[in-house]
Amino acid sequence: MAVISRILRFRPITSCYYSVSRTFSSVVRSETDLTAASLLAQNKPLSLRREPRGESVQWVFLGCPGVGKGTYASRLSNLLHVPHIATGDLVREELSSSGPLASQLADIVNQGKLVSDEIIINLLSRRLEAGEAKGESGFILDGFPRTIRQAEILEGVTNIDLVINLKLREEALLAKCLGRRICSECGGNYNVACIDIKDGNGSPGMYMAPLLPPPHCASKLITRSDDTEVVVKERLRIYNEMSQPVEEFYRIRGKLLEFELPGGIPESWPKLLQALNLEDHEDKRSAAA
């Protein structure tokens, strides 16, 4: 299988990108440039190169499956007017197609395993190329990178401004994953779990209200085939095993922002904006209405 059909010319990064209200500049280290160049030399082509346009952010969301990366990345995407690119969505789109990767992906996902670097880079490259053709600028990546190799490839071909690492206590995370539902008609994402963890052992309590569907979607909810307790626990185990090196990769580069979710969206969203030095005027107007 060809990993990626087209190659964008690799060039060392010489420019910085700037985020809204806060500047994050970094220098691409020579070893990461060499890593990416080495992969190209091994016939593993890349097409992740992004040219600077204005002041669009280039951010990454890390966090366990089900922690809420998609929810907060989507909100920031709307606030900052940059595309939210979720590799999980790319995988599901490929699964629902009749593409050459569909059957291979079905086996991997149903067993709770992580999709290989080659497949993810293939899907992501295609999505970035399509966005560039439409004039998109900047991005918020959700679900990539998950491995050191992916992080090195990404660092070698573009300059990530900031990496937001979402964290949530495990009991709440498991309940969230098992409560996920999707509308089979509109594709909307909901969660039927009502999480109410009491104070104990020095830990504060936590309440996360369910995210229920509107009436016209209520009878059309389905559960993802990989959202079973056995598969979810295996996904979390694999993620935790692989995430530490990736977190450290960005920590030593001064790009990692650790954010512990204190509860549901009403509690967490304002605190996340505060951590990012951002304001959501639409959210404030809605709350005041």
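Is tryptophan 269 buried or exposed, and what is its relative accessible area? Tryptophan 269 is buried, with a relative accessible area of 1%, where buried means under 20%, exposed over 50% and partly exposed in between (1.4 Å probe, protein chains only). The model is predicted, so that local features need pLDDT of at least 70 and side-chain atom pairs count only at pLDDT 80 or more, while totals for chains, interfaces and linings use all residues. Residues are numbered from 1 along each chain as its sequence is written, and side-chain values use heavy atoms, with hydrogens and water left out.

Two aromatic pairs were found, a pair being rings of Phe, Tyr and Trp (its six-membered ring) with centres within 6.5 Å, stacked if the planes are under 30 degrees apart, edge-to-face if over 60 and tilted otherwise. Tyrosine 72 and tryptophan 269 are stacked, at 6.4 Å centre to centre and 25 degrees between the planes. These residues, 197 apart in the chain, belong to helix α2 (residues 69-80) and helix α10 (residues 265-276), respectively; helices are DSSP runs of H or I with at least four residues, strands runs of E with at least two, both numbered from the N terminus. Tyrosine 72 is also buried, at 4% relative accessibility. The charged end of arginine 75 sits over the ring of tryptophan 269, 5.3 Å from its centre (NZ of Lys or CZ of Arg within 6 Å of the ring centre and within 35 degrees of the ring normal).

Phenylalanine 249 and tyrosine 250 are edge-to-face, because their planes stand at 85 degrees, with ring centres 5.1 Å apart. Both residues are buried. Arginine 253 lies over the face of phenylalanine 249, 3.7 Å from the ring centre.
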